[in-house]
Amino acid sequence: MAGMPPSEPSSPAPPAEGEMVTAEHEGSVVAVAMLDGTLHAFDDTCPHAGCSLAEGELDGQTVVCPCHMATFDVTTGAVVDGPAPSGVATWSVTVADGALVLGEPQDPEPAEDDRAAHEDAGPSPAARPDTDVTVLVELEHAAMRRQFEAIDSLTDAPELTAAWATLRDLLEIHASAEEAILYPKLARAADEGAEEAEHAVHDHNEIRDSVRTVQEHAVGSEGWRHALRRAREVNEEHLQEEERDPLPLFRENTDRARREELGQEWLAFHEQHHDARGLAGEDVDPRSVVEGRS
């Protein structure tokens with residue numbers, strides 16, 4: 001009816017025991033887990049690469065990020081294992097009329113003792129995310145898309161600067177990891193693999209160029225927003241092509257065990273180059289990647 005205010009999005013019902021759901025609260029996406037009959041709410045976005053924690057696995061009172069195995073205590077938000085630079089905020093949560101009601105966020109508590117214990121034991125095998133390298137690549141695609149969407153909703157200059165820095169680093173880490181780990185293997189896995197790999201590196205260089213263009217403008221300015229939209233378009237075109245052609249081709253021509261070995265290399269690469277450490281961000285010769293000389 002004309003003149004009526006828009007309705008608020010309905011809150012989800014509480015999750016079943018041992019499961020997670022997501023809810024939105026004033027623009028924030030929050031994951032809610034049910035453990036031993038108690039609800040625990042925490043920021044859904046992993047601070048490492050923007051992946052959704054609700055898409056990960058619960059292991060006791062911890063949640064394991066599906067992208068790079070960062071592990072958080074769901075009761076405190078503290079990071080206890082993996083590459084995440086910080087913990088996540090926790091939220092008060094209740095149930096009213098069968099729906100979740102979120103209160104205010106609380107900063108994560110430090111948990112050095114928990115981190116040390118988890119480094120010794122590691123997450124249980126049942127809680128480990130799928131380490132097939134093609135799965136990890138696609139999870140990171142989702143993280144990039146989430147980061148671009150998140151930036152669209154920001155107006156505060158410091159927040160925009162931080163969000164862009166996270167995304168910029170992720171774009172380069174992702175491209176460099178594919179060029180070091182995935183594409184040289186793809187070039188040898190199938191007859192058309194070399195052509196697909198070379199084309200993908202050309203795409204990476206176009207993405208790098210679009211990132212440099214964003215960097216030329218003041219954060220939040222009209223020129224910056226325009227350049228950011230172009231970077232998003234270029235990146236999205238590449239992601240769709242990769243999901244349609246190179247990744248299925250690699251799965252068809254590489255056995256599962258080998259893909260999991262490469263997945264471990266993928267995780268190690270991200271640990272080594274956290275925050276794009278040691279990565280130049282410069283264009284790469286596609287032939288050097290195909291020939292394994294990058």
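Why is the disulfide of C51 and C67 left-handed? The views below, taken from a predicted model, start with that bond.

**View 1. The S-S bond of C51 and C67.** The torsion about this bond is about -95°, so the disulfide is left-handed. From S to S, the distance between C51 and C67 is 2.0 Å. That falls within 2.5 Å, the cut-off for a disulfide. The count for the model comes to one disulfide. A disulfide is a covalent bond between the sulfur atoms of two cysteines.

**View 2. The loops that hold C51 and C67.** C51 sits in the loop between β3 (38-43) and β4 (57-59). C67 sits in the loop between β5 (62-64) and β6 (71-73). The pair therefore ties together parts that are 16 residues apart in sequence.

**View 3. Burial of C51 and C67.** Buried means under 20% relative accessible area. C51 has 2% relative accessibility, so C51 counts as buried. C67, at 1% relative accessibility, counts as buried too.

**View 4. C46 and C65, in no disulfide.** C46 is in no disulfide, and the nearest cysteine sulfur, that of C65, is 4.0 Å away. For C65, which is in no disulfide either, the nearest cysteine sulfur is that of C46, 4.0 Å away.

**View 5. Burial of C46 and C65.** Is C46 buried or exposed? C46 has a relative accessible area of 3%, so C46 is buried. C65 is buried as well, with a relative accessible area of 2%.

Methods:
Residues are numbered from 1 along each chain as its sequence is written. This is a predicted model: local features need pLDDT of at least 70, side-chain atom pairs count only at pLDDT 80 or more; totals for chains, interfaces and linings use all residues. Side-chain values use heavy atoms; hydrogens and water are left out. Helices (H or I, at least four residues) and strands (E, at least two) are DSSP runs, numbered from the N terminus. Buried means under 20% relative accessible area, exposed over 50%, partly exposed in between (1.4 Å probe, protein chains only).
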